[in-house]
Amino acid sequence: MKMITNMKKISNILLLILTVGFFASCAEEEIGPVINPAAENGTLTYVLNQTRYSNFTYVLDVTNNGLDMDALTTTQPDYGFSASVTYYVQASFSEDMSNLVELPSSVQGENVAINVKEMNAALFDLYGGEMPNPSVAKDVYVRLKAVVSTATKNPLTTEPTVKPLLSNVIKLNVLPYYIENLKPYNEAATLSPYYIIGYIGWDNSTGGLGSNIIPLSVVEGRVYNSEGKGIYAYTGYFEASKTFKIIGTVGGWTEQWGNSGSDGINSPVHNDGGSSNFQVPEDGYYTVTVNSTLNQVTIVKTAITPKVFDNMGMVGAMTDWGGNPDIAMTAYQTVNNHMWYAEYTFASDSEFKFRYNSDWGDNWGDDTFPYGIGTPGGKNIPAKAGTYVVFFNDIDGTYSFIQK
C-alpha cells in the first residue's frame with residue numbers, strides 16, 4: 001500500500017514538472033512586447049484634448065514665425081507597452097479631414113507644439129495657393145498622427161507591427177496672414193527646380209548636367225510663388241542597387257535632401273550634411289516629389305509600364321524642320337531610360353519640338369519656356385537664344401532648359 005502511495009506521489013511530481021515545462025516553453029515562444037491588437041491593425045484611437053482657448057481666434061503674424069501658436073495635448077495611445085511616440089499635426093478645412101495637409105515638424109512626447117509659420121503655410125496650401133486678401137478667420141480642423149517605429153515582434157526583426165494611429169478631430173479658428181497668391185508654372189516669374197544627383201555620378205557642377213545631374217520638373221495643376229517655390233517632380237526607373245540625393249542648386253550642397261539613418265526612402269531629411277542617401281527598396285518606376293513650400297519630399301513607387309524609346313531628337317527651325325538631321329539627345333541611363341538631354345546653343349530665338357526616330361509619329365511640344373509639359377503633337381516650343389542643357393522626359397512630356 002505504501003508503495004502505491006509513493007508511486008502516486010512520483011506521478012504527481014512528474015505531471016507538475018511537465019506542466020511547468022509546457023508553460024515555460026510557451027512563455028519562451030512569446031518573445032517581444034504584448035501589443036494591443038487594435039494598434040496592430042490601426043483601429044486604436046486616442047484622445048486629442050480641446051485647447052484651453054475653445055472660443056478663441058488664433059491671429060497669425062509673420063513676425064511670429066519662429067513662435068508656437070499653441071500646443072496640442074494628448075495621452076499616449078494604449079499600445080500595450082511603453083513606447084517612444086512621434087506625433088505629427090494634420091490640418092484640414094473639413095471635419096472629415098479630406099484634402100488634409102500634414103505639417104512638416106514632428107514631436108516626441110504628448111505636448112505637440114504648432115509653429116506659426118508651418119500652420120500658415122498649411123492653410124495657404126489648403127487654399128490651393130489662392131488666399132483671400134485681406135485674410136479672413138477660418139475654422140481649421142486638426143488631429144494628431146502617432147507613429148511608433150520601434151515596435152517589433154522580436155529584437156531580430158525591423159519591420160514595425162504598429163500602424164500609424166489617428167486621434168479625434170478638434171476645431172480651431174485661425175486668422176492667417178496673407179501670402180502672395182501662387183501662379184501656374186506657365187505664368188510664374190521664377191521657377192526653382194530641384195535636382196537628382198548621385199544616381200549616375202556625383203559631379204554637381206554645371207559640367208555634370210545631364211550625365212550626373214537631372215532636374216525635377218514642374219507639375220501640371222500646381223502653382224508656384226514669387227521665389228519659385230512649389231511642387232517639383234520626376235518620374236523614372238530606379239534600380240535598387242543605386243543611391244542618390246536631391247540638391248537645390250547646381251554646384252552647391254547647401255540645400256540638400258537625403259535619408260535619415262541608413263540609405264532608404266523612408267525618412268527624408270532636409271539640409272543634414274551627414275544624412276545618408278536615398279535608395280529605393282526594389283527596382284521599378286518611382287515618382288520623386290519635392291514640395292519646397294512645405295519642405296517635404298516623397299519617393300513613391302508607381303505602377304506604370306511606359307513605352308521605351310531607343311533614341312530621341314530635337315527638330316525645328318534650327319534643323320529646317322527635318323531638312324537637316326535632328327539634334328540627337330543622349331540617354332541619361334542604360335536601363336529603361338526615359339530622360340534625355342543635349343547641350344545646344346540657339347543662335348537666336350527659335351521654335352522646335354522633341355521627336356522619336358526623326359519621324360512625326362511620336363513628337364511632343366508645348367508653348368512655354370524654359371520649363372514645360374509637352375503633349376503628343378503639341379505646340380512648338382519657343383526657345384530663347386542662348387546655350388542650354390535641354391532635358392526631356394518621355395514618360396510625362398516634361399522638359400527643362402538649364403542655361404550654362
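Okay, let me start with the lining of the second largest cavity: by class, that's 7 nonpolar residues, 1 polar and no charged ones. Before I go on, keep in mind that this is a predicted model.

So who are those residues? The second largest cavity is lined by Ile 196, Tyr 199, Ile 214, Tyr 234, Tyr 237, Phe 238, Tyr 332 and Gln 333. Strand 14, residues 231-238, gives the largest share of that lining, with 3 residues. The volume of this second largest cavity comes out at about 30 Å³.

How many cavities of 30 Å³ or more are there? The count is 2. The largest cavity has a volume of about 40 Å³. Around the largest cavity you'll find Val 89, Leu 103, Ser 105, Val 112, Ala 113, Ile 114, Asn 115 and Glu 118. Strand 4 (101-108) and strand 5 (111-115) each put at least two residues into that lining, and strand 5 has the largest share, 4 residues.

Four strands make an open sheet, ordered 12-14-18-19, with antiparallel pairing. At the edges sit strand 12 (217-218) and strand 19 (296-301), each pairing on one side only. If you zoom in on strand 18, residues 284-291, it pairs with strand 19 in the antiparallel sense over 6 bridges. One thing to click on there: Thr 287 has Val 300, in strand 19, as its bridge partner.

Last stop is His 338. Where does His 338 lie? Look in the loop between strand 22 (330-331) and strand 23 (339-346). And is His 338 buried or exposed? Buried, because its relative accessibility is 2%, and the cut-off for buried is under 20%.

Now the side chain. His 338 has a polar contact of 2.9 Å with the side chain of Tyr 285. There's another polar contact, at 2.7 Å, between the side chains of His 338 and Asp 394. Leaving out residues up to four places away in sequence, His 338 touches Tyr 285, Pro 306, Lys 307, Val 308, Phe 392, Asn 393, Asp 394 and Ile 395.

Note on methods:
Residues numbered from 1 in each chain as written. Predicted model: local features only at pLDDT ≥ 70, side-chain atom pairs only at ≥ 80, totals over all residues. Heavy atoms only, no water. Buried < 20%, exposed > 50% of the residue type's maximum accessible area, 1.4 Å probe, protein only. Polar contact = N/O pair within 3.5 Å; in protein donor to acceptor, adjacent residues only side chain to side chain. Contact = heavy atoms within 4.5 Å. Pairing = 2+ DSSP bridges. 1 Å grid on protein atoms, 1.4 Å probe; cavity = no way out; pocket = protein on both sides within 12 Å on 5 of 7 lines; lining within 4 Å. Points joined across faces, edges and corners; volume = space filled by probe spheres on them. Nonpolar A, V, L, I, M, F, W, Y, C, P; charged D, E, K, R; others polar.
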